[in-house]
Protein chains: 2
Amino acid sequence: MDARKRQVLEALIDDYIATAEPVGSRTLAKKYRLGVSPATIRNEMADLEDLGFLEQPHTSAGRVPSDKGYRYYVDEIMRPVVLDLAERQRIRQAYQARVRELHWFIHQTARLVSELTLYPSLVVAPPVEQAALIDLSFVSLGQDTVLMVLKTSTGMVENQTLLVPEEFDSDKLRSLAEDFTQEFRGVAIHELKNRILDPLQGDVKRYPELWQLALKWVTGHDGDEDKVSLAGPLNILNYPEFRDVEKVRRVLGFLEKETAVELASRHYAEGVQVVIGAESSLDDIQDCSLVTATYRVGGNVVGHLMVLGPRRMHYNRVMSIVEAVSDELSRVLHG
Amino acid sequence: MDARKRQVLEALIDDYIATAEPVGSRTLAKKYRLGVSPATIRNEMADLEDLGFLEQPHTSAGRVPSDKGYRYYVDEIMRPVVLDLAERQRIRQAYQARVRELHWFIHQTARLVSELTLYPSLVVAPPVEQAALIDLSFVSLGQDTVLMVLKTSTGMVENQTLLVPEEFDSDKLRSLAEDFTQEFRGVAIHELKNRILDPLQGDVKRYPELWQLALKWVTGHDGDEDKVSLAGPLNILNYPEFRDVEKVRRVLGFLEKETAVELASRHYAEGVQVVIGAESSLDDIQDCSLVTATYRVGGNVVGHLMVLGPRRMHYNRVMSIVEAVSDELSRVLHG
DNA sequence: GTTTAGCACTCTCTGAGCATGAGTGCTAAG
DNA sequence: CTTAGCACTCATGCTCAGAGAGTGCTAAAC
């Protein structure tokens, strides 16, 4: 794999990313200053195909990068791109708002990323389960309804409306909340459920009403409510590889399914990750690549961010954007 | 417009809705018991075309209903369909849950309708602006953050996180909330804004801290946050008229835009409304029909519900579903 | 030994020409 | 008024040939 092969591979992938058309030797020689004739390039291309970096749709077409080719491009060739000033400013200013609910951040981030990259983007909130309880309050909503406000170590606020069997007056609610906070501050939410529900611990006897409330919450809590935000799904329609409605259905269907969320969350490694085509071994997105990143909230609890596009994605641009946004988000969520 | 013409029109539209193919006289004679020969049907079809109810894609194709044809079908011919037991039960049980946030109802409704109809569905919440204040509480989230919980006459709860300049202790917050509720109970939200912001009214002087908070809210309140839910957009891909990616883009783009929300909300008339093709005079959905319905919350504050599909929509089925769901939703939201 | 010009070859794509078939409108007979 | 018969129209699908893009190979040039 000498320098010229890398040059040819780079030029070819750049061109294919730009045009979505198989690239021939003549095109390459004309558009890029490689200093050699088409015939030489043809030889190099044949070698690159033998090495598995390129593929030929059919005998008389140009070459197209293979998954392996993209992988080499991403890992070894590609230079990181510097975002221009306007984009950096846009990212800096994206989170200047008064509100602070988690779902707003999630939503805003997804929108920002999809608008900058021109690909669909999915943002997954850090799982509440793993966060620790900081503070709990109840607000009576009259009759038999109580709003539970839960502040967790993710710095975010979870609201949940509960039905309670009897009417609690606001003093009673306040003292319940205080007791509860006192007792369980710092305990992880999932652990909290066990603690409250476990009859062997003394808590049940000491807080019968709490037990009632908590039980309602545990059973009524359907994990994924607000925790995911998808933005710009229609961006996918701009790319010619998705002319076919079947493909659109598969890809957008994938983004709406649980699978996408799981996939985004599976990449535990911090920082920016790239998955190219068949590397994901998921049928629905064989023709797609995805770029994921993690972000931190306060300590080490992490959320995930994902961009999905055609295999000929603008990897360097997307990676830069995703990195900048996740950094900014982590920064903003640190307080 | 005699009885037989209506029969022919009905059969033709039924067939076209089922197949999406232009319908010929022979098909009609064979599949539907009209008791006459293709030739007779041809004559009737020619008449129906003269009357503007049918159109011919080209000379040697069958006929296709025009907007006017669908309109006549919907208004005069079509018989309401009775939903089967399973569907009725599904609708009845859709809202049995412990949670009570408005956005949950919106979301749930959109999903329910799109799953039953197999078309995309959009649900718009009643505008908070027009609801009256019932009750307000503040919950300190520590530092400079306060959660404002607003109970309105829509029976729903709005949460909003506010940044406040100074730290309020919980007693202070409670008394503020009590004063506020006392003063403004029953006032409409939009009126509330005026009342608080108008320096001519005495309120500003009496509640300087409140004024601060309220100002934050008024400026930070970005209307449409949670108020709309779109479900099942990909259903549109199942219909052959949307084989073309361009059309998909236009229709799904429409559903993501403000226009869709405005359109849904424009139909003030209560009950189920149908808009067929060009009747909407919106370029993006010339090939679509939509069925809208309103629902009530408590008194007369209304939200909107919309189903969008190809012009050859299953009007009677969709209308029945939309009616049943909006009734059920109104019923559930009455308490 | 590497590079390149030349050339035959392969394969897709496009458009023309043609047959097919569905469906119509018209006419005349029932 | 209905219907059988028939000529006519037009989209669709098929084949086939030509064009064009691109390759691989060979042999000459550097």
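Contact, as the word is used in this report, means heavy atoms within 4.5 Å. The model described here is predicted: local features need pLDDT of at least 70, side-chain atom pairs count only at pLDDT 80 or more, and totals for chains, interfaces and linings use all residues. Residues are numbered from 1 along each chain as its sequence is written, chains are lettered from A and ligands numbered from 1 in the order in which they are written, and side-chain values use heavy atoms, with hydrogens and water left out.

## A serine of chain A

Not counting residues up to four places away in sequence, A:Ser25 touches A:Pro38, A:Ile41, A:Arg42 and A:Met45. A:Ser25 is placed in helix α2 (residues 25-31) of chain A; helices (H or I, at least four residues) and strands (E, at least two) are DSSP runs numbered from the N terminus. With a relative accessible area of 11%, A:Ser25 is buried. Buried means under 20% relative accessible area, exposed over 50%, and partly exposed in between, with a 1.4 Å probe and protein chains only. The side chains of A:Ser25 and A:Arg42 are joined by a polar contact of 3.3 Å. A polar contact is a pair of N or O atoms within 3.5 Å; within protein, one must be able to donate a hydrogen and the other to accept it, and residues adjacent in sequence count only if both atoms are side-chain atoms.

## The two DNA strands

A residue is near a molecule or strand if one of its heavy atoms lies within 4 Å of it. DNA strand C is surrounded by 21 residues, the closest being A:Arg4, A:Thr40, A:Thr59, B:Ser25 and B:Arg63. Sugar or phosphate accounts for 77% of the atoms of DNA strand C within 4 Å of the protein, and bases for the rest. Helix α3 (38-50) of chain A, together with α2 (25-31) and α3 (38-50) of chain B, each supply at least two residues of the surface near DNA strand C. The most comes from α3(A), with four residues.

Around DNA strand D there are 20 residues, and the closest are A:Ser25, B:Arg4, B:Thr40, B:Thr59 and B:Ser60. Of the atoms of DNA strand D within 4 Å of the protein, 75% belong to sugar or phosphate and the rest to bases. To the surface near DNA strand D, α3(B) gives the most, with four residues.

| Side chain | DNA atom | Distance |
|---|---|---|
| A:Arg4 | phosphate oxygen, DNA strand C | 2.8 Å |
| B:Arg63 | phosphate oxygen, DNA strand C | 2.8 Å |
| A:Arg63 | phosphate oxygen, DNA strand D | 2.9 Å |
| A:Arg42 | base nitrogen, DNA strand D | 3.2 Å |
| B:Ser60 | base oxygen, DNA strand D | 3.0 Å |

The backbone takes part as well: an N or O atom of the B:Ala61 backbone lies 3.4 Å from a sugar or linking oxygen of DNA strand C.

## Salt bridges

A salt bridge is a side-chain nitrogen of Lys or Arg within 4 Å of a carboxyl oxygen of Asp or Glu. By this rule the count is 39 salt bridges over all chains. One of them pairs A:Lys31 with A:Asp15, whose closest N and O atoms are 2.9 Å apart. A:Lys31 lies in helix α2 of chain A and A:Asp15 in helix α1 (residues 3-19) of chain A, so the pair ties together parts that are 16 residues apart in sequence. A:Asp15 counts as buried, at 4% relative accessibility.

A:Glu328 and A:Arg331 also meet in a salt bridge, at 3.0 Å from N to O. They are separated by about one helical turn, because they stand three residues apart in helix α13 (residues 315-332) of chain A. A:Glu328 is buried, with a relative accessible area of 6%, whereas A:Arg331 is partly exposed, at 48%.

In chain B, the closest N and O atoms of the salt bridge between B:Glu115 and B:Arg90 are 2.5 Å apart. This pair links distant parts of the chain, 25 residues apart: B:Glu115 is in helix α6 (residues 102-117) and B:Arg90 in helix α5 (residues 85-93).

## A sheet in chain B

Five strands of chain B form an open sheet in the order β7-β3-β10-β9-β8, with antiparallel pairing; two strands pair if DSSP finds at least two bridges between them. Strands β7 (228-231) and β8 (273-276) stand at the edges with a single partner strand each, so one side of each is left without a neighbour in the sheet. Ten bridges join β9 (residues 288-297) to β10 (residues 301-310), and B:Val297 stands opposite B:Val301 in β10(B).
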